[in-house]
Amino acid sequence: MDEVRKFSQAYNQAPWRKQLQGMVIFLLGLVAIALVAGIYLSVTSAAATTGRQIQEMQIRMDSSYRIEQVETSTEETNTQASGSVQEEVIPIEELKIQIADLEAKLAEETSTTVMHDRALQMGFVPTQPDTVTYVRVPESLVRQTAHLAPSPSPVTTNPEILSSAYKESLIDWLSHQLALASRRFQQEVQP
Amino acid sequence: MKKELHWRYSALAIFFSTIAFLIIVQIVRIQLSPSAEEFRKQASNYKHSLHTYYPKRGDIYDRFGRLLAGNQQTYELAVNLYLVKSPETIANVVSRVLSDHVGYNNSEYYDRVFRIASSSPISGPAYIPVANYVTEAELSKLKEAAQSYVTMPVKKGKNVIQPSMQGLVFQPRLQRVYPEGELASPVLGFVNFDGVGVYGVEEKFNDLLAGKSQLSWVSVDPYEAGTLPQIPDGADIILTLDREVQAAVERILDEALVSSGSEAGTVVVMNPETGEILAMASTPRMNLNKFWEYDNILNSTVPFNRAVGKDYEPGSVFKVLTMASALDSGTVTPDTGFVDTGQIEIGGILINNWNFGAWGPQTMLGCMQHSLNVCLAWVAKQMGNERFYDYMQRFDIGHLTGIDIAGEVPGRLKRPGDNDWYEADLGTNAFGQGVAVTPVQMLMAISAVANNGKMVPPHILQSLVNNGRQFTPTHPIVGEPISAETAHTLTDLLATSLEGESSDALVPGYRVAGKTGTAEIATPSGYTSSVTNASFVGWGPVDDPKIMVYVWLEKPTVSPWGSVVASPVFRDVFKEVARLTNLPPDDVRHNLSGQ
């Protein structure tokens, strides 16, 4: 027992111990600062990267394509250093252009002339008034005209689309759970 | 030993602390120095980039949502002056590839591109467009050429410029496209190279269809992402036109022009209950995707859309309005008798029938059936100036209908009190001479007869889609120039009239009402009966009119008479429209409604 006490006393009184203590505290502080700085850098770089990605998804930041470097730049974009292929980011602005272009192409493919020719090729013939038979179909709908968007009347959105977990605080959640539990309890005790 | 070490440690600590302190002081000093503001200003120059937003021009659809006018991807070609190495190569290749492109197929184009590519970026903008609406195929050719210069062996030597297309850049852009080509071209109009709607719906609704391009500074700071200006696209427009009906009507009109030898023609199909235009065909038509050929197809004397842009003396179709006025005012009844002696004198001039014959005792049915000018002039005379022109005012003759298509003309109706009105005009106006109207004006006026006395506004706009909402305007009736009873009486009279003469306008299975018109065309030497405007206006089924058709053939050569050349066109159009709109024949309809 005395041996242990002596060792403890010697340890406590050792001169290098105080120096080590100081150094450890200093290093701990340094580590703490480095951690905070690291987290800060990580968060800000992530925010900057995301911000840049958002910007590139919105518009082409360098405005135009170089005619000479199209092939090269596409390859560069598609193939990363690791060899994996990444999809090229097309800004929303250009996607809108492509969508409009595809809509027009689709309309051309289904235009009156094209459809008429295709129908004839497939052996269809235009109906004649004397070959048409009209029948009454109860509750059938008359062909409706185009309705491409909702009318301007107020539209109620479903408030349950966004989970309440994303909106309520911890205290709100606790009080909500308590209210639910008490209601369940009341229901159980009632005959 | 301990003290010595302690001193050294202290010295090191002081040294490093001093350095750290000095660094902090320097940081603060730089931040607060007068030059700092200058540096901040310089930095702010690179914080934003200039970006032009081009909103999509609104689409145009037919009544069932089929695209009539949309947008396709083309490219804007430009030079980035900071990157240009060989202006000559760029000018050479661009002018060669775009040699077939309208607007760039001229000898000056090479010089223009060369001048732009050779200019200095210091004195102006670095990005300068050299071509617009470049197609995918043209761009591919340019890319191939550019690639060939990249792989070309490097030339060595002083003052040798390596051919290169570096500096040529492109951006995707939208250009108006009409998937149906010629279909409904007089109604749609087109969008010119400046992005402005010309003629038709494109012009009428240009402000709504065209969003406004906007130049704005975009922050390159990634922390400011998501703050881009929201430029709304142009509004989409849904027309009352039915693509299938339009195509069928255009086909029938084209066939009629050939079979009648007419110079030009117009056919308009309208729902007389609502005023919705289902089809509007007129000649000439043009492929709207080649709008630059406009000058070759239409000269200054030819209107883009005859249905709204050209007025003419309609002839006997106008008698519908004269008779409607007379019946409504109580001047005559269907059984009122009239002895046709072959001529009548009004205002000092003698008015004759179309065949210069005397038709003897007639009722009003006979007058309309045989289209007797003398009888109708007498009817107008019985009404008197004031009453006749009051009714014409109620029918809105001589005024714009307000149809939502650009280029409408008002026509002309001279009235008592006008400098150029004479007493004789009452007689000639009664049978549609000396008065100028457009087909849509006639449709609007006569819609009162087909629609229980209520006159509907002809219109082409069904709905508007803007900011994600669809707006459907209401179109209240324009007026009630005649009573419902008069409308029914006249409709029945005209239907009986067609049936009585076994008109070519009769449609098997449907009871229709209508009137032919043959108007002599005024020439510098006076009216000539050999050159006419042949017309027909008709509607049906008479017990519940859903289809109203106006036919106008200009200068037919096979026969000058509307009853010969225009009536069959009405019949064919009505039959086709009834089929395409699922309108059953009268007996079937009555049977179905009785079930």
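This is a predicted model: local features need pLDDT of at least 70, side-chain atom pairs count only at pLDDT 80 or more; totals for chains, interfaces and linings use all residues.

Reader: Is B:Tyr199 buried or exposed?

Author: Phi of B:Tyr199 is near 70 degrees, which is a positive value in a residue other than glycine. Around this residue there are 25 other C-beta atoms within 10 Å. Because a residue counts as buried when 20 or more such atoms lie within that distance, B:Tyr199 is classed as buried.

Reader: B:Phe356 also has a positive phi; is B:Phe356 buried or exposed?

Author: Phi of B:Phe356 is near 55 degrees, and this residue too is not a glycine. B:Phe356 is placed in the loop between strand S14 (349-352) and strand S15 (360-362) of chain B. With 9 C-beta neighbours inside 10 Å, and with 12 or fewer being the criterion, B:Phe356 counts as exposed.

Reader: What is the omega of the cis peptide bond from B:Gly540 to B:Pro541?

Author: B:Pro541 is found in the loop between strand S21 (526-540) and strand S22 (547-554) of chain B. Another cis bond, from B:Thr283 to B:Pro284, has omega near 0 degrees, and B:Pro284 sits in the loop between strand S11 (277-282) and helix H10 (294-297) of chain B. For the bond from B:Gly540 to B:Pro541, omega is near -10 degrees.

Reader: How are H9(B) and H20(B) oriented to each other?

Author: Helix H9 (residues 243-260) and helix H20 (residues 567-580) of chain B have axes 10 Å apart and pack at an angle of about 160 degrees. Since angles over 145 degrees fall in the antiparallel class, H9(B) is roughly antiparallel to H20(B).

Reader: How many nonpolar residues are in the contact of H9(B) with H20(B)?

Author: H9(B) passes H20(B) in a right-handed crossing. Among the residues that make the contact are B:Val245, B:Val249 and B:Ile252 of H9(B), and B:Val573 and B:Val577 of H20(B). By class, the contact has no polar residues and 3 charged ones, while the number of nonpolar residues is 9.

Reader: Which residues touch the most other members of the largest nonpolar core?

Author: The largest nonpolar core holds 140 residues, and its largest share, 9 residues, comes from helix H17 (residues 439-450) of chain B. Leaving aside neighbours within four places in sequence, B:Val269 is in contact with residues including B:Val245, B:Leu278, B:Ile547 and B:Val573. The residues that touch the most other members are B:Val267, B:Val269 and B:Val512.

Reader: How many residues of helix H14 of chain B are buried?

Author: H14(B) spans residues 373-383, and its buried residues include B:Cys375, B:Trp378, B:Lys381 and B:Met383. Just after this helix, B:Gly384 takes a positive phi of about 90 degrees.

Reader: Which element gives the most to the side of chain A that touches chain B?

Author: Chain A has 6 helices and 1 strand, and 5% of its 191 residues count as buried. The contact takes 42 residues from chain A and 56 residues from chain B. On the side of chain A, these divide into 20 nonpolar, 12 polar and 10 charged residues. With 10 residues, the element that gives the most is H4(A).

Methods
Residues are numbered from 1 along each chain as its sequence is written. Chains are lettered from A and ligands numbered from 1 in the order in which they are written. A nonpolar core is a set of buried Ala, Val, Leu, Ile, Met, Phe, Trp, Tyr and Cys residues joined through C-beta atoms within 7 Å. Helices (H or I, at least four residues) and strands (E, at least two) are DSSP runs, numbered from the N terminus. Two residues are in contact if their C-beta atoms, placed from the backbone, lie within 7 Å. Axes are lines fitted to C-alpha atoms, for helices over the stretch in contact, and angles run from 0 to 180 degrees between N-to-C directions. Angles under 35 degrees count as roughly parallel, over 145 as roughly antiparallel, 65 to 115 as roughly perpendicular and the rest as oblique. A crossing is left-handed if the near helix is turned anticlockwise from the far one by less than a right angle, and right-handed if clockwise. Ala, Val, Leu, Ile, Met, Phe, Trp, Tyr, Cys and Pro count as nonpolar, Asp, Glu, Lys and Arg as charged, and the others, Gly among them, as polar.
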